[in-house]
Amino acid sequence: MKWGYSFRRNSTASDIEGNLLGQNMIFAFTTRADTDPPTIEYHPSQGTVSYDQDYNVMAIIKDQWGAIDNAMLFYQGVADTSPTRSVLMSLSGTDIYQASIPAQQSLGTIFYFIRATDSYNNMAWNPVNYTNQSQLYTVDVIDGVRPEISHVPVIEADVFREIEIWAVVADSIQLTTVNLNYRAIGSITYTRIAMQPFNNTPNTFRHMIPAQNTTGMIHYNITAVDASGNFNSTGFLSVRILDRTAPLIISVIPELLDNQTRVQVKANITDDVEVGSVVLYFKTVGGDAWVSRQMTHVSGDVYEFIIPAQRRSGVVYYYVNATDSSGNQASTLFEEDQFQIEVEGVDEGISIYYVLGGVLAVLMILLVLLLIRKFSGPAKIKDESPGDSSDAQPEPPEEAEERDIDAP
Ligand SMILES: [Ca+2]
Ligand SMILES: [Ca+2]
Ligand SMILES: [Ca+2]
């Protein structure tokens with residue numbers, strides 16, 4: 001809508017003699033009263049914008065007598081040499097015009113100004129001195145984006161092995177530092193290590209956490225900082241350090257004891273971390289079931305168990321299992337079949353002794369009888385004559401009888 005002032009007037013004109021020159025002459029003209037440009041009220045809302053963000057400009061633009069025809073935002077992007085780019089500002093509320101300068105994707109400075117035009121082509125600029133670049137509005141385009149970290153967490157690792165930690169870290173502007181922070185088993189503090197690009201790759205980083213010599217948990221995280229100080233970090237992660245290696249059964253040596261009736265089995269066993277238990281399995285002579293018995297830790301790497309005496313002679317079968325403190329198991333059965341050893345049964349041994357003992361007893365009895373026969377008389381006298389006790393007194397009559405018997 002255009003504003004103005006129109007005048008229409010019917011007039012009569014005549015010359016000085018009164019001759020009518022014209023009748024009902026119509027004079028019409030319009031006075032263009034709107035000669036005032038719009039007003040632009042603008043206050044920058046932010047001094048910086050990240051390279052990945054649009055920069056929004058919002059102004060209050062009014063026109064006193066007429067209407068705003070258009071409002072333009074002129075700008076010079078970080079890669080431009082003059083503020084020749086323009087964006088039409090849109091009305092977003094009463095007298096409120098706004099437009100966005102698109103994300104610049106690189107760092108630098110944006111210069112800009114606003115121009116408003118009313119219906120009568122009156123123009124206004126803000127800043128007024130818009131041709132002087134030093135007076136333009138500016139906004140610094142900065143790196144407001146933190147580095148990105150891609151990392152596949154390490155969940156488990158072997159004891160005594162280095163732990164490889166990998167990460168892909170990138171920043172669109174400039175990455176400065178990538179750190180690995182870890183807390184070893186038994187440590188109360190974190191160790192910080194600058195991760196190095198792997199094989200000269202720009203974004204792939206690697207670092208080895210030193211081997212741990214016991215099982216437990218390692219905690220770690222990865223942090224990254226860009227040239228603008230933007231920080232990013234993974235959460236705190238945990239690696240379970242595991243003993244996944246079974247014990248080593250170095251030797252199993254049997255030794256027959258007690259006339260080959262018992263078997264002492266000695267096993268030499270080691271583990272990279274800790275031997276948990278050592279069990280001897282054996283089958284009694286003629287038996288079918290495996291009997292398991294804990295072997296005793298004797299000293300160093302030596303474990304021992306004595307297979308008790310068997311009633312019958314025959315073969316005792318046996319093997320050894322060893323389990324470490326993490327449950328990994330080794331068995332001599334994995335290496336070879338069961339061991340075997342012959343033993344003497346104790347029942348048979350005893351019966352031989354009984355026979356021998358019986359024979360000996362019979363011989364003794366015979367010997368005693370013979371002795372009695374040969375030396376009975378004098379033996380008794382000898383026994384009694386030195387007797388000093390008074391109890392010996394009643395015996396003489398017996399001697400007499402014996403003499404009487406022997407005499408004939
Ligand atoms: Ca105006
Ligand atoms: Ca960044
Ligand atoms: Ca082990």
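**Close-up views of a predicted model**

**View 1. Strand β22 and its partners.** Strand β20 (residues 216-226) pairs with β22 in the antiparallel sense, over 5 bridges. In general, strands of a sheet pair through backbone hydrogen bonds, either parallel or antiparallel.

A note on reading these views: residues are numbered from 1 along each chain as its sequence is written, while chains are lettered from A and ligands numbered from 1 in the order in which they are written. This is a predicted model, in which local features need pLDDT of at least 70 and side-chain atom pairs count only at pLDDT 80 or more, whereas totals for chains, interfaces and linings use all residues.

**View 2. The whole protein, before zooming back in.** The fold has 31 strands and 3 helices. Of its 408 residues, 20% count as buried; that label needs 20 or more other C-beta atoms within 10 Å of a residue's own, while exposed means 12 or fewer and partly exposed is anything in between, with C-beta atoms placed from the backbone. Two residues are in contact if those backbone-placed C-beta atoms lie within 7 Å. Take the contacts with a separation of 6 or more, and 66% of them come from residues 24 or more positions apart.

**View 3. An open sheet of 4 strands.** The order runs β13-β15-β19-β18, with antiparallel pairing. β13 (148-150) and β18 (196-197) stand at the edges with a single partner strand each, so one side of each has no neighbour in the sheet. β13 and β15 pair over 3 bridges, with Ser 150 bridged to Val 168 in β15. On to β15 (residues 163-170) and β19 (residues 204-209), which share 6 bridges.

**View 4. The largest nonpolar core.** A nonpolar core is a set of buried Ala, Val, Leu, Ile, Met, Phe, Trp, Tyr and Cys residues joined through C-beta atoms within 7 Å. This one has 22 residues, and Val 57, Leu 73, Tyr 75, Ile 110, Tyr 112 and Ile 114 touch the most other members. At least two residues each come from β5 (55-62), β6 (68-76), β9 (96-101), β10 (108-118) and β12 (137-142), and β10 gives the most, with 6. Look around Tyr 112: beyond four places in sequence, its contacts include Val 57, Leu 73, Pro 83, Ile 101 and Tyr 137. Another core, of 19 residues, lies apart from this one, and among its members are Tyr 303, Phe 305, Tyr 318 and Ala 322.

View 5. Most residues other than glycine have a negative phi, and most peptide bonds are trans. Asn 121, in the loop between β10 and β11, has a positive phi of about 65 degrees without being a glycine. Asn 121 counts as exposed because it has 9 other C-beta atoms within 10 Å. Phe 160, in the loop between β14 and β15, also has a positive phi of about 65 degrees; with 14 other C-beta atoms within 10 Å, Phe 160 is partly exposed. Then there's the cis peptide bond joining Asn 126 and Pro 127, with omega about 5 degrees. Pro 127 sits in the loop between β11 (123-126) and β12.

**View 6. Gly 276 in strand β25.** This glycine belongs to the strand spanning residues 275-283. Gly 276 is partly exposed, because it has 15 C-beta neighbours inside 10 Å. Leaving out residues up to four places away in sequence, Gly 276 touches Thr 323, Asp 324 and Ser 325. Its C-alpha atom is 9.1 Å from that of Asn 328, 52 residues apart along the chain.

View 7. pLDDT, the predictor's confidence in each residue from 0 to 100, averages 87 for the protein, and 82% of the residues score at least 70. Residues 1-5 fall below 50, and this stretch has 13 contacts in the model beyond near neighbours in sequence. Residues 379-408 stay under 50 as well, with 6 contacts beyond four places in sequence. Where pLDDT is low, the predicted coordinates should not be read in detail.

How values were computed. Two strands pair if DSSP finds at least two bridges between them.
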